[in-house]
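Trainee: Could we zoom in on one part of this protein, the charged side chains and what surrounds them? I'd like to follow it step by step.

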Amino acid sequence: MPSDPNANYTNSALRVGDADPYPQRLVGEFISTVVANEWINDEYKHVVLKVHPHALKAYAGQMFHLLCPSPDGAEVWMRRPMSVYRVDKANGQVEFLYKTEGRGTRGMAMLEPGDNFNIAGPLGHGFTLEPAWRNIVVLGRGVGLATLAPLSQLAAEKKIGVTAILSARNPGVVMSRELFEGLGAKTITVLDSDGSSAVENVERILESLIAQGKADAFFTCGSNRLLKLMQRLGKTHNIPGQVAMEQIMVCGFGACYVCMRTFEVDGKRVLRRVCRDGPVFNMQEAVGW
Ligand SMILES: Cc1cc2nc3c(=O)[nH]c(=O)nc-3n(C[C@H](O)[C@H](O)[C@H](O)COP(=O)(O)OP(=O)(O)OC[C@H]3O[C@@H](n4cnc5c(N)ncnc54)[C@H](O)[C@@H]3O)c2cc1C
Ligand code: FES
């Protein structure tokens, strides 16, 4: 069990069962309890956290800022941003799907059921679904699928059909298929290993969905080339779209300007903070990376 990172922080964080002193506030700091933290393949883990009800206000595309435990006893500076993967209101739980990358996520991978885990949020602006939309297309790759998966929850609540195109290196690292399908989405898997993830093939799939009237809006995350493809088709067919962006973050709430990215609005280049102005943006305004 790693050292307790909560020891370094305020005691204002809410635990399950605490009274909520500021119910009107959108954001809070919470000490959650780990329910499960399991490997789902060689690279990704799925963590389930029991949280104070205030944290259940999170919706698709929003993130929490996680105070990851140290994997080696030395300080892990700064919190790590993570998109909410699922909000399970009935069981009072939020879930994250994460790739073990560096020290923060390696420390997170060491959490065991019953451990405390300090999370702050929900932060940022997530996805929005227009009432007029009947069918949407979600296209994601790698960990971007963790960010897009809760859209299926939001769409199911609003009775909007979802086609999810899941792009991955090989069948072993395709993620979120069960979550999408469990909520009624149709999934199409495209892989590097058999060449089906090539842009030309994904373009054919998207054109076919557009022709069938299944694409009232586009959503993407996790790949620059897929973003460019959806931007191009969105412009040609006049289909609105949203993209969830990633950027290195420090504060997570708009104060430090570390997470700036360039956008193009009405022909002019502007800088926006991914944490505060996003992380979900109008797809046509995003400048890739
Ligand atoms: C809005 C948002 C949502 C995210 N959602 C998820 C998610 O659902 N699941 C998931 O696995 N990851 C997600 N990430 C990425 C996650 O924040 C990073 O993988 C994590 O911060 C890495 O921390 P670390 O200490 O393990 O690695 P570090 O040692 O800090 O870094 C390891 C590698 O990850 C890169 N990295 C570090 N921070 C970020 C960052 N903020 N964004 C992108 N790359 C980064 C570094 O450049 C380096 O290459 C999200 C990032 C953002 C900004
Ligand atoms: S991380 Fe500080 S402004 Fe976005």
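This is a predicted model: local features need pLDDT of at least 70, side-chain atom pairs count only at pLDDT 80 or more; totals for chains, interfaces and linings use all residues.

**Salt bridges and their surroundings**

Mentor: Let's begin with Arg 103, which is partly exposed because its relative accessible area is 28%. That label covers everything between buried, under 20% relative accessible area, and exposed, over 50% (1.4 Å probe, protein chains only).

Residues are numbered from 1 along each chain as its sequence is written, chains are lettered from A and ligands numbered from 1 in the order in which they are written, and side-chain values use heavy atoms, leaving out hydrogens and water.

Arg 103 has a partner: its side chain meets that of Asp 72 in a salt bridge, 2.8 Å from N to O. To count, a side-chain nitrogen of Lys or Arg must be within 4 Å of a carboxyl oxygen of Asp or Glu. Asp 72 is in the loop between S4 and S5 while Arg 103 is in helix H1 (residues 103–109), so this pair ties together parts 31 residues apart in sequence. Those labels are DSSP runs numbered from the N terminus: helices are H or I with at least four residues, and strands are E with at least two. Asp 72 is partly exposed too, because its relative accessible area is 47%.

How many salt bridges does the whole structure hold? The search finds 11. One of them joins Glu 29 to Arg 79, with the closest N and O atoms 3.2 Å apart. This pair links distant parts of the chain, since Glu 29 sits in strand S2 (residues 28–39) and Arg 79 in the loop between strand S4 (63–67) and strand S5 (80–83), 50 residues away. Are these two buried or exposed? Glu 29 is buried, because its relative accessible area is 18%, and Arg 79 is buried as well, at 12%.

Towards the end of the chain, Glu 285 forms a salt bridge with Arg 272, their closest N and O atoms being 2.9 Å apart. Glu 285 is in the segment after strand S16 (280–282) and Arg 272 is in strand S15 (residues 268–273), so the pair ties together parts 13 residues apart in sequence. Arg 272 is partly exposed, because its relative accessibility is 22%. There's a network as well: salt bridges link Glu 43, Lys 99 and Arg 169.

Helix H2 (residues 144–157) includes Ser 152, and the helix is mostly covered, with 11 of its 14 residues buried. Ser 152 is buried because its relative accessibility is 2%. Leaving out neighbours within four places in sequence, it contacts Val 162, Leu 179, Phe 180 and Leu 183, where contact means heavy atoms within 4.5 Å. Just after H2, Lys 159 takes a positive phi of about 60°.

Met 175, in the loop between S10 and helix H3 (177–182), is buried as well, because its relative accessibility is 1%. Not counting residues up to four places away in sequence, the residues Met 175 touches include Leu 145, Gly 142 and Leu 166.

Among the buried residues of H4 are Val 202, Ile 205 and Leu 209. Residues three or four places apart point the same way, because an α-helix has 3.6 residues a turn. The cover over the buried residues of H4 includes strand S9 (135–141) and helix H5 (224–237). The buried residues of H5 pack against S9, S10, H4, S12 and S13.

Finally, what about disulfides? The structure holds 0, taking a disulfide as a pair of cysteine sulfur atoms within 2.5 Å. Cys 259 is buried, because its relative accessible area is 3%, and Cys 275 is buried at 2%.
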